[in-house]
Every structure is written in C-alpha cells, then in structure tokens.
Amino acid sequence: MEKEISREERLGNAPLGKLMLSMALPAVAAQIINVLYNIVDRIYIGHIEGYGELALTGVGITAPILMIISAFSAFAGMGGAPLASIQLGKKNKEEAERILGSSFTMLLICSVILMLFFSVFKTPILYAFGASANTITYAEDYISIYLLGTVFVQLSLGLNTYISGQGNAKVAMLSVLIGAIANMIFDPIFIFGFGMGVKGAAVATILSQALSAMWVVRFLLSKKSVMRIRREYIGLDKAIIGKIAALGVSPFIMQSTESLVMITLNTGLQNYGGDLYVGTMSIMSSVMQLIVVPVQGVAQGVQPIMSYNYGAGNFARVKAVFVRMVTVCLTGTLLMGGMAVLKPEIFARLFSNNAELVALTCQYMPIYFLGIMIFGVQMGCQTTFMALGQAKVSLFIALLRKVILLIPLAILFPKFWGVQGIYIAEPTADIISVLTTAVLFVITARRVLRKEN
C-alpha cells in the first residue's frame, strides 16, 4: 500500500523533468504500439500478391467504423480518467473507484450496441463510406470479423486510461505492447500462412486486442492498482455518468469526427478520382497516425500530472507542465510532418509496391501534411483543457478543425481544384484551427487559473 501511495503522490512532488519523462515515454510507446494494430495490418495487406492495392483500399474504407468504435472507448475512458485523477489528487480514492466502475459499465454496454448495429448495416454503410464494386468484398471480409472483438477493443482502450491516470504509465504501456507484439506475430501466420488474406488480418487483430483487454482488466482488479474495479461500484450512477459524458464528449467528437472526415475524403476521392485515389488516403491516414500518435502519447502521458496538481491546487506546477508539453509536442510534429513533406516516398513504399499508387501518393502527400507540422500546439492546448476539466472549450476545439473547417472545405475545394482540392483542404483546416486554438487558450487558461487562485 505504501508503494501505491508513493506512486500516486509523486505526481505532485517528484522533480518535474524526470517525472514528465517517466510518464511520457511509456505513454508514447503505448500510443505508437497501439497504432501498429492497424498499420501492420495495412502493410501486410498492401503486399498481398495480385490484389494488394485493392485489399488495402477496402480495409482503408473500414477505418471510419474502427474510429467510431474507438471513439466510444474514449468517451467512457478519457471522459472518466481525468476525473478519477482529480479525485486522487483530492485524496478521495472511493470516488475515483466509483468513476471507474461507471466507466467500465458504459464500455460493456457500448460494445454490445456497436457490434450489433454495424454487423446488421455494414454493407450499405461501407458503400456510403466510399466502397466500390472492386473493394466491397475486402471491406466486408475485414469488418465482419473485426466487429466480433468489439468488447476487447472497448475494454483495452477505454480502461487503459485509468492505469496511466494513476501514474502507472509503464503498466499502461505493457498492456498495449502485449497486444501489438501478438498482432505482429499473428498477422503473417493468418494472412499468408493460413492463406486467409484480409480475413486473417482481422482475426489477428481481435485475438491481439483480447490479450490486451485481459491484461488491463486483470491489473485493475488487482491490489497493485491504486483504484480498482469493485463489484459494488459497477453500474450506471447517473451523477457520475453525467460528469463523464460532459468531459468525454470532447475526445469522442475528436475521434468520431475523424470518422466523418474519412468518409468525406474517401467519397470525394472516389467521385473525383477513383479507387487508386482512395488508396492514397489509406496510406496517408496511416502516416498521419504515425505523426500524431507519438505527440498524442506525450500529451496523454503528462495529462495525469496536470489533473492531479490542478486537483491539489498546485497551479504553478500545472503551468510548468503545460509549457514543457507544448514545446515537445510542437517539436515532434515539426520533425515528423517535415519528413512526410520532404520524403513522401519513404512512407508510400512502406505500404505498397504498386508503382502507380506510390507515385500518386508521393504527388499529394507534401500538400496534405503541410499544416500538420504546427499541430503540436493544438494537441497541447486540447490536452490541457481536458486536464483542467474544461469540457465546453475542449468540445469547441474538437469541433473546430474537423466539423467546422475540414469537412466543408473538403466538399467545397474540389469544385474549384478538382481532386487536388480534397488534399488542400487538410492543411488549410489545420493552420486555421491551430491559430484559433492558441488564441482561445491564452484567454481561457488565464481566466481559469486566476479564478482558482
């Protein structure tokens, strides 16, 4: 018990630089490993002899469904974990466990509803998302199997935030590492060894997610966890659910609107270009994850430090964490985004051997990633709003880039510049959104911290 208290209290007392490093590195590793689930699948699928480019496009079309499923895990997990961290900062462990129990129940209910809904309506949904007669078979084969493991995705992603939220970033990283390593092992076995193709990739993914989910649940039931899943707290507490929903709606919208973005981009590319253009988006969305996810890991890793110290009233420490976090996030997006702009062929050839697809991807990737280089600023501000429990502002920022800007621009620009306009819409939305977020943060954060002081 003394170890648990020590781990919890170090969020408020340990030297800041060393603490942030110890929290951020496992979180970054966990985020990178987590994104490998889909990326490794796509790399193997894209290299299937004879039909790899069509299979890659088909699996890419299922991405909006995968994003919606993970969005619901973020709704319950990222909506509840900062609240639980704040309660730990206030030394109210019982309330933190009540939040965890309600979140656990929400994840189970969402799993059943999502699996049934998408299983019934998958074919018309996939066509609406940009599938064609050439790619629908591959999309259906993948998603039909993937949906069977919805509960594993929900629990592994949603509950892992409660492990990192109590300052145990290494265990949170291990939970993702177990699944990712399993996926890398299972993928070639099921795709090529058993000759299952796209279906094999889906089987490998859900088996891997199952291993991660079992690890996470086992830890949160054990005495090693500062806050634990307890039978008496499992259920739907209306007051707690309201608080989780208020904070969770922001990350939910961030991820679910990513789904809307993919639908808009894929359908636009299909209409103005064709299957090959949709294939470029399958590659570029994967590269986008490679750039954004490590930065997201930094932000997510240090968020518990801000939440804990905000709950403890240590506002100077909150400010210090914010400055360092934004500096690291901006550096990360500048370096990785710059690489995608200057050396697109490195990423394109990773996913496909098809010369036409690689050439088309290299042509448009520098345009598409131009704005992402400064996106680290928005990531840092967005995370800070979440850490301070500022649900309304966080919600607006989540809506701004994708719903208010990117989707309308992706519909409007092609009318003037054809298919190229779809690629131009992304950096335009990114730059406007980052500038707006920075101004809004300066105004709001000063007001919040001044009021608390």
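**Surface, core and holes**

User: Is R349 buried or exposed by its relative accessibility?

Analyst: R349 comes out at 55% relative accessibility. The scale, run with a 1.4 Å probe on protein chains only, calls anything under 20% relative accessible area buried, over 50% exposed, and in between partly exposed. So R349 counts as exposed.

User: What kind of model is this?

Analyst: Residues are numbered from 1 along each chain as its sequence is written, and side-chain values use heavy atoms, with hydrogens and water left out. Local features need pLDDT of at least 70, side-chain atom pairs count only at pLDDT 80 or more, and totals for chains, interfaces and linings use all residues; what you're looking at is a predicted model.

User: Which residues is R349 in contact with, leaving aside its neighbours within four places in sequence?

Analyst: R349 sits in helix α13, residues 344-351. Helices (H or I, at least four residues) and strands (E, at least two) are DSSP runs, numbered from the N terminus. I43 is 306 residues away from R349 in sequence, yet their C-alpha atoms are 9.6 Å apart in space. With contact meaning heavy atoms within 4.5 Å, and those sequence neighbours set aside, R349 is in contact with H47 and V358.

User: Now L56: how far is its C-alpha atom from that of L19?

Analyst: L56 belongs to helix α3, residues 52-61, and counts as buried at 0% relative accessibility. Skipping residues up to four places away in sequence, L56 touches R42, I45, G46, S282, I283, F351 and L357. L19 is 37 residues from L56 along the chain, and their C-alpha atoms are separated by 41 Å.

User: Which element gives the largest share of the 112-residue core?

Analyst: A nonpolar core here is a set of buried Ala, Val, Leu, Ile, Met, Phe, Trp, Tyr and Cys residues joined through side-chain atoms within 4.5 Å. The largest one has 112 residues, and I65, V287, I305, F369 and Y423 have the most contacts inside it. Its largest share, 18 residues, comes from α11.

User: And what is I65 in contact with, leaving aside its neighbours within four places in sequence?

Analyst: I65 is one of the residues with the most contacts inside the largest nonpolar core. Once the neighbours within four places are set aside, its partners are F118, I125, L126, F129, I143 and L147.

User: How many aromatic pairs does a search of the whole structure find?

Analyst: Rings of Phe, Tyr and Trp (its six-membered ring) pair if their centres lie within 6.5 Å; planes under 30 degrees apart are stacked, over 60 edge-to-face, and the rest tilted. Ring pairs also link F72, F75 and F252 into a cluster. The whole-structure search finds 17 aromatic pairs.

User: Why is the pair of F117 and F118 called edge-to-face?

Analyst: F118 is buried with a relative accessible area of 4%, while F117 is partly exposed at 41%. A pair of aromatic rings is described by the distance of the centres and the angle of the planes. For F117 and F118 the centres are 5.2 Å apart, and the pair is edge-to-face because the planes stand at 75°.

User: Which helix do F186 and F190 both lie in?

Analyst: F190 counts as buried at 14% relative accessibility, and F186 as partly exposed at 23%. Their ring centres are 6.1 Å apart with planes at 80°, so this pair is edge-to-face. Four residues apart, about one turn of the helix, F186 and F190 both lie in α8, residues 169-193.

User: Which element gives the largest share of its lining?

Analyst: The lining residues of the second largest cavity are M78, A81, P82, S85, T161, S164, G165, Q300, Q303 and P304. Two or more of them come from each of α4 (63-89), α7 (150-164) and α11 (275-312). The largest share, four residues, comes from α4.

Technical notes: On a 1 Å grid over the protein atoms alone, a cavity is a set of points where a 1.4 Å probe fits but cannot get out, and a pocket is an open set with protein on both sides within 12 Å along at least five of seven lines; lining residues have an atom within 4 Å of a point.
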